[in-house]
Amino acid sequence: MESVSQEHRSFPPSESFSANARIGSMAAYRELYEKSIAEPEAFWADAAEGLHWFRRWERVLNADAAPFYKWYEGARTNLAYNCLDRHVENGLGGKTAIHWVGEPGDVRKITYEELLGEVCRFANVLKKLGVQKGDRVALYLPMIPELVVAVLACARIGAVHSVIFAGFSSDSIRDRVLDSEARMVITADGGYRRGKVLELKKIVDAGVSTCDCLSEVLVVKRGIEGLECPMTAGRDVWYEEMVSGVEDFCPAEEMDAEDLLFLLYTSGTTGKPKGIMHTTAGYMVFAYLTAKYVFDLQPDDVYWCTADVGWITGHTYIVYGILQNGVSQVLYEGAPNHPDEGRFWEIVEAYKVSIFYTAPTAIRAFMKWGDSWLEGKDLSSLRLLGTVGEPINPEAWMWYHEKVGGGRCPIVDTWWQTETGGHLLTPMPGATSTKPGCATLPFFGIEPAVLDDAGNDVAAGILAIKKPWPGMMRGIYGDPDRYRQTYWCKWGGQYYFPGDGARCDADGYYWILGRVDDVVNVSGHRIGTAELESVFVEHADVAESAVVGVPHEIKGQGLMAFVTVIQGRAQDEKLNRELMGMIDQSIGKFARPERIIFSSDLPKTRSGKIMRRLLRDIAEGRELGNTTTLADPGIVEQIQRQFQEGA
């Protein structure tokens, strides 16, 4: 991959794009940005004006208990109301909200008015089953309309949704249900992925068998002929049976600004996933404003984000940010290469998609599959492209710009996290000259800095965010100390620490250099290496393990696992299969390492610390650094030899 440090190309937006954009010049961007930094409370009060409030706020920002900030204190509102009712009341009820495409080719078109009716019915089913405001509800669903409906139904009645990506294992479901003390899981009998049927309900059954907090499992029928779906009497309920005869009106609960909206679990540097807490009003405004400006949303746009609602990208830029802006969007269930590698471009052409938001992993896969899949596809409807999930290498950026965007579409390369709720660094498509691989400039209200460990400004170092913003997380569920220790642990707790390295160039543009902790970004999935290591050592034959991230042509980063086996135990393909299976079972197949390398020991300092830096050097084929501090320098050569022999 090309080095971002050698990247000097710059691409200004076209005059025609800027002329019609919401923010059409750098002068307009800088005027708004400077106001957002100099007068943040006035700026964020203005930003909230277009939305519906049952009661307005008394105070925009309460920083008295920093870093536990509060936004729009005293206000009452509802996210589902702002996504649906507001548009229906304003005469947009007949507008298409969702063009849904199932992997086998089944389709649905749902208007805003129809979506409101479905959400109300689903909300009434939840209430019928005893779900109350504040109850946690876990969702494990494929990318079908009912996933969006269930999320909004929870928001409508004040239940806290915790969406679990439908590629996670039963163990991961169990951990999240128990940590959140969820009273219900909403799932489907099955779903499709690359032509295969995923038996989702059976995965849920295995995960929740020991979860005493659970009262119900609500099951949606995906419509898969012949699929068996065992139901547990007294616990499991078919949604289709419960919804029969239910009213299509359900009043929206008046939610306090800081009422918990959702939990979303993300990997950390320790084995236990973190339940990221997002509350109502601040997240609502931030999702609305970032979507509006970063995607330059216009009334006639057809938007498509290819992410799953199981990730924060789907929460903010499929559900809450997009629907609040009253835009039509595509929702697709399947993979980009089924039934063939031209599937995405067929959908873009069929629905005249104008905004396309995807991950660098997908773009690199498109490149690998070849330009021929684009031939004959009419992509002229596209006017804006976006990337999300990880830094994009300049080579992939250029391919995306030229082959997909035809050289005419601005690219918004967005940097943000589960914890931030929405975009923090991003171009404004009608104003910012973009550079391939660069996240460019901060969004309104975001004041970034690049610091060293002592807090000094440096050209390349650790990214820090100086000011709070409305969409920021409100903590880690049940663990306020971990919140402080993870995100406010540096620079005297004055700045938010996102865990990424960055550099700032001569133009004041920000380049993201990757994680500075032991979290690896594999195809946009953040995976804590400690999670994998703890899985491996559960095997009776494994003594120790170390997992490192390495560059990967398609995924951005891949994982390499180094495992030591108890003396006298076999280091063979059978053990390799068993360990891979444990990862599948405990986390999910997406977390599988590229390789497992067995060795008699791991490189350690005399104090016993594993030198993962040396393992990365071995995995990446680099010159080995200083090994004199190791307890046994010879072990590095042994591992290096085994790595090369197995390559």
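Analyst: Let's start with Glu181, which counts as partly exposed because its relative accessibility is 47%. On this scale, buried means under 20% relative accessible area, exposed means over 50%, and partly exposed is in between, using a 1.4 Å probe and protein chains only. Please keep in mind that this is a predicted model, where local features need pLDDT of at least 70 and side-chain atom pairs count only at pLDDT 80 or more, while totals for chains, interfaces and linings use all residues. Residues are numbered from 1 along each chain as its sequence is written, and side-chain values use heavy atoms, with hydrogens and water left out.

Glu181 sits in the loop between α7 and β8 (184–188). These names come from DSSP runs, numbered from the N terminus: helices are H or I runs of at least four residues, and strands are E runs of at least two. The backbone of Glu181 has a phi near 55 degrees, a positive value in a residue that is not glycine. Most residues other than glycine have a negative phi, and most peptide bonds are trans. Tyr72 also has a positive phi, near 55 degrees, but its place is in strand β2, and with 0% relative accessibility Tyr72 counts as buried.

Now for the helix pair. Helix α7 (residues 170–180) packs with helix α8 (residues 200–208) at an angle of about 55 degrees, their axes being 7 Å apart. Axes are lines fitted to C-alpha atoms, for helices over the stretch in contact, and angles run from 0 to 180 degrees between N-to-C directions. The two helices, α7 and α8, are therefore oblique to each other. Angles under 35 degrees count as roughly parallel, over 145 as roughly antiparallel, 65 to 115 as roughly perpendicular, and the rest as oblique.

Which residues make the contact between α7 and α8? On the α7 side they are Ser170, Ile173, Arg174 and Val177, and on the α8 side Ile203, Val204, Ala206, Gly207 and Val208. Contact here means heavy atoms within 4.5 Å. Sorted by type, the residues of this contact are six nonpolar, two polar and one charged. Nonpolar covers Ala, Val, Leu, Ile, Met, Phe, Trp, Tyr, Cys and Pro, charged covers Asp, Glu, Lys and Arg, and the others, Gly among them, are polar.

Side chains of opposite charge can pair when their charged atoms come close. A salt bridge is counted when a side-chain nitrogen of Lys or Arg is within 4 Å of a carboxyl oxygen of Asp or Glu. By this rule the count comes to 39 salt bridges. One of them joins Asp205 and Arg235, whose closest N and O atoms are 2.8 Å apart. Asp205 lies in helix α8 and Arg235 in the loop between β11 (216–220) and β12 (236–238), so this pair ties together parts that are 30 residues apart in sequence. Both Asp205 and Arg235 are buried.

For another view, look at Asp453 and Lys490, a salt bridge with its closest N and O atoms 2.9 Å apart. Asp453 is in the loop between β21 (448–451) and β22 (460–465), and Lys490 in the loop between α15 (480–487) and β23 (500–504), so the pair ties together parts that are 37 residues apart in sequence. Here Asp453 counts as exposed, at 58% relative accessibility, whereas Lys490 counts as buried, at 19%.

Finally, here are two backbone details elsewhere in the chain. A cis peptide bond joins Ala66 and Pro67, with omega about 10 degrees, and Pro67 is in the loop between β1 (59–62) and β2 (70–73). Another cis peptide bond joins His338 and Pro339, with omega about 5 degrees; Pro339 is in the loop between β17 (328–332) and α12 (343–351).
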